[in-house]
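Subject: Structure handover, salt bridges

Hello,

Here is the structure for you to look at. My notes on its charged pairs follow below.

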Amino acid sequence: MLIKTSSIGEEEFDKVFYEIPHNVKLDLANENQVKFFILNIQNNQYSYYELFKILKKNLGRYALSRKEFRADLEMAISKAISRFHEVKNAGTGAGGELGELLLYLFLEVVLGAPKLLSKMELKGTPNQYNYNSDAVHYFQYETDYGKHNQVVLCESKLIGDCTLAISKAFDSLSSSLVKREYDFSLVATEIFKETMSETEAQEVINSIVPNTTEDIKNNVIKETAAGIFIGFDEKIEPTGDSLKTRANTINNITLKIPKIVKKLDEKIEEKKLKGMSFYIYFLPFNDVDKDREKIMEQLLTKDHFEG
């Protein structure tokens, strides 16, 4: 199956993101993840320096298709920056590009689910498809009953209020799910043929497009899953000692996790989605509305490339 497109592994990822441990789970039978991460805290602020570096390295890998990226490795970041600017200038971006980039990294590195396509890369295809999700990834896992081949539809929201961000993400996901039959027809016919090699495209199509008789005989189920990223505000309350401040911030987030997971369960129940898998990632910001603009502005300059 396809290998991941991002340039970082778990070791480099862990230098930027610390996973906050917890044991609260979604009320779902299928595979799922709810993970909370935090950036380094310096001078009573979340530090974006290391985050910026890994995002810059992966701009081209996210925004360009496999075929585009391989065709011109040296110009990949420059082409990706131009693509982002084109979307912004055309007024077709929703301002959530930072969340899309972060979800891409979480799914590829944490879950191990390679990107199949991103909404951004489709802007570079001759037919200019309009896809309903931010991106689509592929994930496969096995149980005693057989294999689950999952198309992971992606939604990201960066909103200060975490509860509101969750609600908005599920509203967007519901809209994408309504249109998934149309999306599958595009997948089966055209999109992958333009974004991957012929061999890769056929392999992906065989893995995700249902074939009733073969799937049942081989104990394979081809299904839809959801990948969600939530960026939210979490105020850092200075306590004098900076180490204590950091520990208190992590503890404050930990105390909120049961309530947040309960909200997720309620939304999954409300939208009648309990048969799906969910892979959900949270990251706090100092001020997400301002920070995302600053981070993207820095990322979309054409100097100081990071390999």
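Which side chain meets Asp171 in a salt bridge? The partner is Lys271, at 2.9 Å from N to O. Please keep in mind that this is a predicted model.

This pair links distant parts of the chain. Asp171 sits in helix α8 (residues 162–178). Lys271 sits in the loop between α12 (242–270) and β9 (278–285). The two residues are 100 residues apart. Asp171 is partly exposed, at 39% relative accessibility. Lys271 is also partly exposed, at 24%.

Lys271 has another partner. It forms a salt bridge with Glu270, with 4.0 Å between the closest N and O atoms. Glu270 is partly exposed, with a relative accessible area of 46%. There is a network here too: salt bridges link Asp171, Lys267, Glu270 and Lys271.

Next, a separate pair. Lys256 and Glu234 form a salt bridge, and their closest N and O atoms are 2.9 Å apart. Is Glu234 buried or exposed? Glu234 is buried, because its relative accessible area is 6% and the cut-off for buried is under 20%. Lys256, in contrast, is partly exposed at 40%.

For the overall count, the structure holds 13 salt bridges. Those described above are among them.

Best wishes

Conventions
Residues are numbered from 1 along each chain as its sequence is written. This is a predicted model: local features need pLDDT of at least 70, side-chain atom pairs count only at pLDDT 80 or more; totals for chains, interfaces and linings use all residues. Side-chain values use heavy atoms; hydrogens and water are left out. Helices (H or I, at least four residues) and strands (E, at least two) are DSSP runs, numbered from the N terminus. Buried means under 20% relative accessible area, exposed over 50%, partly exposed in between (1.4 Å probe, protein chains only).
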